[in-house]
Amino acid sequence: MLARLSWTLMLFFCLVGCGSSGPQLGTVEGSVTLDGNPLTGAVVSFRPLEGGRTAEGVTDESGNFTIEFAAGSKGALLGDHEVRVTTFRERVIGDNGRVEDPGMPEKVPNKYNEDSELVRTVEPGKNHFDLELTSS
């Protein structure tokens, strides 16, 4: 009896664990340049036009990014997304009154962040987007 119960529980947990859980995602990577130069330390956001969780990534020193949906889950929801790019970071002052983070001014024009004109479609599988931004 105990062996049968153990076998049943093991089979149940295996089947639950083997199913596809969560939304369907497409992996998203690419690069960002501003006036032809790599944009370092920019946050790149993919916001689904039909609603859902925004996925984000941060550009490295070469302007490359990888989008993450949630901790440990790479990619973005399938479908059309408004893409926003920003370099702005608020200045952070600690409890001791010292500046912990000097912040960062916005380098990217509004047409690529708050009033973004960028739309990209995430499809199943791998997606690569090179975002070539201009300051004018």
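Where does aspartate 35 lie? Aspartate 35 is found in the loop between β1 and β2 (37-38).

## Model and numbering

This is a predicted model, in which local features need pLDDT of at least 70 and side-chain atom pairs count only at pLDDT 80 or more, while totals for chains, interfaces and linings use all residues. Residues are numbered from 1 along each chain as its sequence is written, and side-chain values use heavy atoms, with hydrogens and water left out.

## Overall layout

The protein chain has 1 helix and 13 strands. Helices (H or I, at least four residues) and strands (E, at least two) are DSSP runs, numbered from the N terminus. Along the sequence the pattern is α-β-β-β-β-β-β-β-β-β-β-β-β-β.

Of the 136 residues in the protein chain, 30% are buried. Buried means under 20% relative accessible area, exposed means over 50%, and partly exposed is in between (1.4 Å probe, protein chains only).

Aspartate 35 has a phi near 55°, a positive value in a residue other than glycine. Most residues other than glycine have a negative phi. Aspartate 35 counts as partly exposed because its relative accessibility is 42%.

Glutamine 24 lies in the loop between α1 (2-18) and β1 (25-34). With a relative accessibility of 62%, glutamine 24 counts as exposed.

## The aromatic pair

The structure holds 1 aromatic pair. Rings of Phe, Tyr and Trp (its six-membered ring) pair if their centres lie within 6.5 Å; planes under 30 degrees apart count as stacked, over 60 as edge-to-face and the rest as tilted. The ring centres of phenylalanine 46 and phenylalanine 129 are 5.8 Å apart and the planes are at 35°, so this pair is tilted.

Phenylalanine 46 belongs to strand β3 (residues 43-48) and phenylalanine 129 to strand β13 (residues 125-133), so the pair ties together parts that are 83 residues apart in sequence. Both phenylalanine 46 and phenylalanine 129 are buried.

## A negative surface patch

Glu106, Glu114, Asp115 and Glu117 form a patch of negative charge on the surface. Like charges are joined within 9 Å, with the place of a charge taken as CG of Asp or CD of Glu.

Aspartate 115 sits in the loop between β11 (99-101) and β12 (118-122). Aspartate 115 is exposed because its relative accessible area is 52%.

Technical notes. Patches are made of residues with over 30% relative accessible area and no salt bridge: like charges are joined within 9 Å, nonpolar side chains (Val, Leu, Ile, Met, Phe, Trp, Tyr) within 5 Å. Accessible areas come from the Shrake-Rupley method with a 1.4 Å probe; for residues, only the protein chains shown count as cover. A salt bridge is a side-chain nitrogen of Lys or Arg within 4 Å of a carboxyl oxygen of Asp or Glu. Lys and Arg count as positive and Asp and Glu as negative; His and the chain ends are not counted.
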